[in-house]
Amino acid sequence: MYAIKAIYDGTNFKPLQPIPVKEDYEVVITFVDPVTKDAAKIQIDGPLKLPRSTGRGLLKGKVWMSDDFNAPLEEMKEWAW
């Protein structure tokens, strides 16, 4: 997953940095703030990688499930089929 900054002029998106991919990607576009004159001049060097803390496997080894997770509950026996 990559994040880049761009400016939208009402018709087109102008990336403020190189786009690091060559193949097709699904994208999500989020409008953050209106552009000021100073922000339009900003150039960012290289792609911004998201920190590892937002990736897959963040909770690996920290979450567990009881062996009897799917066992019927005593409190629900009167409604069981």
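Biologist: Before we start, what should I know about the numbering and the model?

Modeller: Residues are numbered from 1 along each chain as its sequence is written, and side-chain values use heavy atoms, with hydrogens and water left out. This is a predicted model, where local features need pLDDT of at least 70, side-chain atom pairs count only at pLDDT 80 or more, and totals for chains, interfaces and linings use all residues.

Biologist: What pattern does the protein chain follow along the sequence?

Modeller: Helices (H or I, at least four residues) and strands (E, at least two) are DSSP runs, numbered from the N terminus. The protein chain has zero helices and four strands. Reading along the sequence, then, you get β-β-β-β.

Biologist: What percentage of the residues of the protein chain count as buried?

Modeller: Buried means under 20% relative accessible area, exposed means over 50%, and partly exposed is in between (1.4 Å probe, protein chains only). The protein chain has 81 residues. Of these, the share that counts as buried is 4%.

Biologist: Is Gln17 buried or exposed?

Modeller: Gln17 sits in the loop between S3 and S4. One polar atom of the Gln17 side chain lies 3.4 Å from the backbone nitrogen of Lys5. Because its relative accessibility is 6%, Gln17 counts as buried.

Biologist: And Val27, is that one buried or exposed?

Modeller: Val27 is also in a loop, the one between strand S3 (13-15) and strand S4 (48-49). Its C-alpha atom is separated by 9.6 Å from that of Ala3, and the two residues are 24 apart along the chain. With 61% relative accessibility, Val27 counts as exposed.

Biologist: How much accessible area does the nonpolar patch on the surface have together?

Modeller: Accessible areas come from the Shrake-Rupley method with a 1.4 Å probe, and for residues only the protein chains shown count as cover. Patches are made of residues with over 30% relative accessible area and no salt bridge, joining like charges within 9 Å and nonpolar side chains (Val, Leu, Ile, Met, Phe, Trp, Tyr) within 5 Å. Here the members are Tyr2, Tyr8, Phe13, Tyr25, Val27, Ile29 and Phe31, and together they have about 750 Å².

Biologist: Which residue forms a salt bridge with Lys77?

Modeller: A salt bridge is a side-chain nitrogen of Lys or Arg within 4 Å of a carboxyl oxygen of Asp or Glu. The structure holds one salt bridge. With the closest N and O atoms 3.2 Å apart, the partner of Lys77 is Glu74.

Biologist: How many aromatic pairs are there, and what kind do Tyr8 and Phe31 form?

Modeller: Rings of Phe, Tyr and Trp (its six-membered ring) pair if their centres lie within 6.5 Å; planes under 30 degrees apart count as stacked, over 60 as edge-to-face and the rest as tilted. The structure holds three aromatic pairs. For Tyr8 and Phe31, 5.5 Å centre to centre and 70° between the planes make the pair edge-to-face.

Biologist: Why does that pair tie together parts that are 23 residues apart in sequence?

Modeller: Tyr8 lies in strand S2 (residues 6-8), while Phe31 is in the loop between S3 and S4, so the pair ties together parts separated in sequence by 23 residues.
Phe31 also pairs with Phe13, tilted this time, at 6.4 Å centre to centre and 40° between the planes. Ring pairs therefore give us a cluster of Tyr8, Phe13 and Phe31.

Terms used
A polar contact is a pair of N or O atoms within 3.5 Å; within protein, one must be able to donate a hydrogen and the other to accept it, and residues adjacent in sequence count only if both atoms are side-chain atoms.
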